[in-house]
Structures are given as C-alpha cells and as structure tokens.
Amino acid sequence: MIGALDLGVTALDTSTNYLRFRSHEVLARVAGDLLPKFHLSTKVGYFPGISGAEHSLAPERLHNSVEEAARALRREPDLVFLHNPEHSLTPGTDRSREALAEACTALASATSRGLCGAWGIATWNPTALPPLVDASAPTPSTLMVRAGLLVGAGTLDAAEALMEAWGLGTGAMWGMSPFGGSTKAPVWARADARVFLRDGSGYSRAQAAFRMAYQLPNASAVAVGTDELAHLGELVGALAATPDEQAVAEYRTLLRDRPRTQSV
C-alpha cells in the first residue's frame with residue numbers, strides 16, 4: 001500500500017465478503033494507519049451462510065452490514081456499493097423493482113446517518129437492472145461494472161442505460177475486471193490491444209488492454225487486483241496512453257452488429 005501511494009494510487013476498493021468475510025478486519029489490522037490516505041470503497045450484499053456466502057437485499061441486513069463495515073475498518077468508508085443486486089432479482093417483476101428500491105433506500109439511509117460518505121451499485125451483470133429502476137427511489141452516486149475489451153455489447157449498453165436512468169454524469173462510472181480475470185489468459189497472447197492506441201508502440205499489450213478499460217464503457221476509474229508493485233506501476237504508466245477514438249467507436253459497432261451477423 002505504501003508502494004501504491006508512491007505511484008499516486010490513492011483509491012482502495014474491497015468488499016465485505018473478501019478473505020472469507022475478514023477483509024475489513026485484516027485491512028484495519030495490517031494497514032490501519034494508511035487507510036486515511038486512501039479513498040476507501042467497499043461492497044455489501046453477501047453474507048456468511050450455512051453453505052457458504054449467500055446474497056440478500058434485505059434492507060435491515062444491508063444497513064447493518066454498512067454499520068459493521070465502518071466498525072471493522074475503524075473508519076467510515078468513503079463509498080459503499082450494493083454488491084451484485086441482480087443475484088437476488090428476477091427480471092421484469094414488480095417485486096424485484098420494489099426490492100431494488102428498498103435496498104437503495106437502505107444504503108441511502110446509511111449514508112445519511114454518516115456510516116459512509118456515499119453509496120453506489122456494483123454489478124457484474126447489469127443487463128436485468130435498467131427495467132427495474134424506480135425513479136422515485138434514491139439514486140446512487142457511482143456505478144461499477146465490468147470493463148474492457150472482453151465485455152460484450154449487452155453489458156456496455158445496460159451500463160449506459162443505467163447511467164441515463166439514474167441521471168449520472170461524467171465521473172460516475174467505474175470499471176472492474178479489465179483483464180477478465182488474468183493478464184495471463186490465452187486471449188491476451190492472441191489479441192494485441194495496442195491497435196486501439198494512437199501511440200501503441202510505446203506500451204505493452206497489458207497496458208493497452210488496461211487503458212481500453214477506461215473506454216469500454218467510459219469510466220473515470222478502473223479497479224484492478226494486484227499484489228505485484230511492478231505490475232501496478234505498469235498499469236499506472238498506461239494512463240498516459242491516448243486512445244484512438246475512431247478505432248474504439250468502430251469496435252463498439254462491431255460488438256453491436258455481431259449477434260445479428262452470427263448464426264444461432
């Protein structure tokens with residue numbers, strides 16, 4: 001974390017269910033003196049269950065989870081995400097629309113009580129959410145979705161639909177999982193993302209792929225997991241690269257056209 005600060009990284013994202021539901025306690029124990037130097041975000045929505053983690057949108061559980069996060073971290077998080085609400089929702093049902101609205105209200109209430117600075121929604125698969133948005137419910141400040149060249153048109157379109165439904169502006173979109181799990185996945189040996197950069201020859205394939213995560217969708221921040229300082233430094237260096245906007249637009253068009261040109 002000291003190395004991250006030296007690189008200019010001042011945002012840290014975690015989740016209640018990481019490290020077998022011990023992430024907050026571990027962070028506070030090993031880096032409690034450093035946490036005030038970071039913009040700290042976490043996620044709530046998963047809870048310990050008999051057979052492992054279980055998901056819930058029950059308002060009281062969510063509110064209590066935010067309260068417990070602040071207590072375990074020994075400071076209030078700057079941002080708390082509702083984690084993968086789609087896991088407890090059925091697309092297109094009135095009850096799901098009510099459940100999402102109630103969950104949003106619970107996080108808004110926790111924010112108003114000072115248990116966190118703001119709240120948002122982190123969704124791995126946002127495609128079911130746009131029809132469930134209730135305009136009368138509280139509005140998140142931030143939306144986090146999967147980002148990068150491996151994300152399909154459906155996810156990108158749903159993310160943009162959510163931004164519009166909630167009236168969120170520039171800076172409110174965050175990305176995650178820019179490499180789809182690992183920079184060592186076979187796809188990155190076959191695909192050279194540097195074709196999407198104006199000055200691609202000066203960067204590695206991993207750097208180009210990371211830079212593209214800020215364009216697909218249009219994100220102001222991208223969360224990436226790494227325990228290697230050199231790798232983190234490489235990714236920070238990628239932020240200086242300039243995307244080729246025309247190439248990105250053409251790629252988006254190809255993504256949208258692909259389902260119509262492929263056989264079932």
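The model is predicted, so local features need pLDDT of at least 70 and side-chain atom pairs count only at pLDDT 80 or more, while totals for chains, interfaces and linings use all residues. Residues are numbered from 1 along each chain as its sequence is written, and side-chain values use heavy atoms, with hydrogens and water left out.

Let us start with the whole protein. It has ten helices and nine strands (DSSP runs numbered from the N terminus: H or I of at least four residues for helices, E of at least two for strands). The radius of gyration is 19 Å, close to the 18 Å from the globule rule for 264 residues, so the protein is as compact as a globular protein of that length. Here the radius is taken over C-alpha atoms, and the rule is 2.2 Å times the number of residues to the power 0.38. Along the principal axes, the C-alpha trace spans about 50 × 45 × 35 Å. Of the contacts (heavy atoms within 4.5 Å) with a separation of 6 or more, 73% join residues 24 or more positions apart. Buried residues make up 47% of the 264 residues; buried means under 20% relative accessible area, exposed over 50%, and partly exposed in between, with a 1.4 Å probe and protein chains only.

Next comes the largest pocket, whose lining has 47 residues; Ala 223, Val 224, Gly 225, Thr 226 and Leu 232 lie nearest its centre. Elements that each supply at least two lining residues include β1 (11-13), β2 (39-44) and β9 (221-223). The largest share, five residues, comes from α9. A lining residue has an atom within 4 Å of a pocket point; a pocket is an open set of points on a 1 Å grid over the protein atoms alone, where a 1.4 Å probe fits, with protein on both sides within 12 Å along at least five of seven lines.

Now to the cysteines. With a disulfide defined as a pair of cysteine sulfur atoms within 2.5 Å, the count comes to zero.

| Cysteine | Relative accessible area | Class |
|---|---|---|
| Cys 104 | 3% | buried |
| Cys 116 | 5% | buried |

Finally, Ala 58 sits in the loop between β4 (52-55) and α4 (59-73). Ala 58 is partly exposed at 29% relative accessible area, and its C-alpha atom is 44 Å from that of Asp 244, 186 residues away along the chain.
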